[in-house]
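Here are some short notes for a first look. Keep the structure open while you read them.

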Amino acid sequence: MESQIEPISPLEATYKAREVEGLLDLYFYRPIGFRLAQLFRKIEMTPAAVTLLAAVFGIIAGHLFYYRDLRTNVVGMALLVCANALDNADGQLARLTHRESREGRIIDSVADHVVFVSIYLHLALRYLVVGASPAICLLALAAGISHALQGAAADYYRSTYLFFVTNRARLGLDSTSPLRSDYQKLSWRSKPWNKFLLALYLNFTRQQEMLAPHLKKLRDTTSQQFHGEIPNWLRTRYRNLASPTFKWWSLLMTNARMLVLFALLFIGQPFYYFWFELIPLNLLFVYLIIRQENMSESLLEVAVKWRDAA
C-alpha cells in the first residue's frame, strides 16, 4: 500500500517549519498572524508595510517602558504583543502571496533591531532620570550587543536547519561571497537605499558566519558535493542531531525575552533585564554555539568520508 501524505493546512503552509517554531508562536502568534495576513492580502497591503507597522507599535511600546507607571507599562506590553503578532504576519503574508524576497528579510531584520533599540534605550533612560550611574548606558549597550549576536546566531541555525532538512528554505539562506558581489554591483548614486540595506545584510551575514565557521564549512562543502540536493541520509542525520537544540535556541528568541521583561516590569525592576541578557542568556548562547559547532564538525567528517568512498 502506498503511504498517504497528510495535506498541509493553509495555516501550516505559512510556517517556516513546525519544528523550528516556538510553542507561543505555534499556538498564539502564528494563528493570529495568519488571520491578519489574510486580512492584509484582501486590502492589498504589502509585507513591507506590515513590517513597518509592527516597528511603529514596537518603538512606541519601548517608549512606554520609560515611565514608572505600571498601567503605562501594561499598555506598552500590549503594544509589544501586537508588534510581535504583526511581525509574524508579515512573513506569513509574504508566503501567502509568494512575495518572499531578500529585501523583505532585510527590512524585517532592521525593524526588529530598531524595536529593541527603543526598548533598551528607554529602559536605560528610565534609570538615568532618577539619578542612576551613567554606567547603566554601558550595561544597556553590552546587553544590546549580546542580544544582537544571540539573535543572529539563532536565526542562522534555524535557516540552516531549514536548508538541510526541508525543501522550503533555499531562499532564506545567503552567503557573504554572493552578497558582496551584489553589493559591489550597486551604486550609491543610483540605488542608495538598496545599497544601504544590502550593506546591513552583508554585515549581519558576516557575523553569522563568523559565529559558526564549522557550520559554514559544512554548508559550503555539501552544496559543492551534492549540488544543492541534500541526500536523505544527511537530511535525516542533521534533523536528529539539530532538532533537540531548538527548545534551547527558542530561549534566545523574542518570546522568552518578552516574558521575562514583562515579569520584571510588573514587579518594577526592569533593570535586571540587562543582567538576564548578559549572564544566563550568554551562558546558554556559548553552550549552544559549542554544541552546534561540534555537531557540524562531526557531520562534515561524515560527508567527506562519504565523498571519498563514492
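1. Which residues have the most contacts inside the largest nonpolar core? They are Tyr161, Phe164, Tyr238 and Trp249. This core has 31 residues. Bear in mind that the model is predicted.

2. Next, find the elements behind this core. Those giving two or more residues are helix 5 (135-165), helix 8 (213-226), helix 9 (232-242), helix 10 (246-249) and helix 13 (280-309). Helix 5 gives the most, with nine residues.

3. Now zoom in on Trp249. Leaving out residues up to four places away in sequence, Trp249 touches Ala153, Ala154, Tyr157, Phe285, Leu288, Ile289 and Gln292. Another core lies apart from the largest one. This other core has 27 residues, including Met77, Leu80, Ala140 and Leu278.

4. Turn to the aromatic rings. The whole structure holds 16 aromatic pairs. Take Trp193 and Phe196: their ring centres are 6.1 Å apart and their planes are at 35 degrees.

5. Trp193 is partly exposed, at 48% relative accessible area. Phe196 is partly exposed too, at 38%.

6. Look also for an aromatic cluster. One is formed by Phe116, Tyr120, Tyr273, Phe274 and Phe276.

7. Last, check two arginines over rings. Arg68 lies over the face of Tyr127, 5.1 Å from the ring centre. Arg219 lies over the face of Phe163, at 6.0 Å from the ring centre.

Note on methods. Residues are numbered from 1 along each chain as its sequence is written. This is a predicted model: local features need pLDDT of at least 70, side-chain atom pairs count only at pLDDT 80 or more; totals for chains, interfaces and linings use all residues. Side-chain values use heavy atoms; hydrogens and water are left out. A nonpolar core is a set of buried Ala, Val, Leu, Ile, Met, Phe, Trp, Tyr and Cys residues joined through side-chain atoms within 4.5 Å. Buried means under 20% relative accessible area, exposed over 50%, partly exposed in between (1.4 Å probe, protein chains only). Helices (H or I, at least four residues) and strands (E, at least two) are DSSP runs, numbered from the N terminus. Contact means heavy atoms within 4.5 Å. Rings of Phe, Tyr and Trp (its six-membered ring) pair if their centres lie within 6.5 Å; planes under 30 degrees apart count as stacked, over 60 as edge-to-face and the rest as tilted. A charge sits over a ring if NZ of Lys or CZ of Arg is within 6 Å of the ring centre and within 35 degrees of the ring normal.
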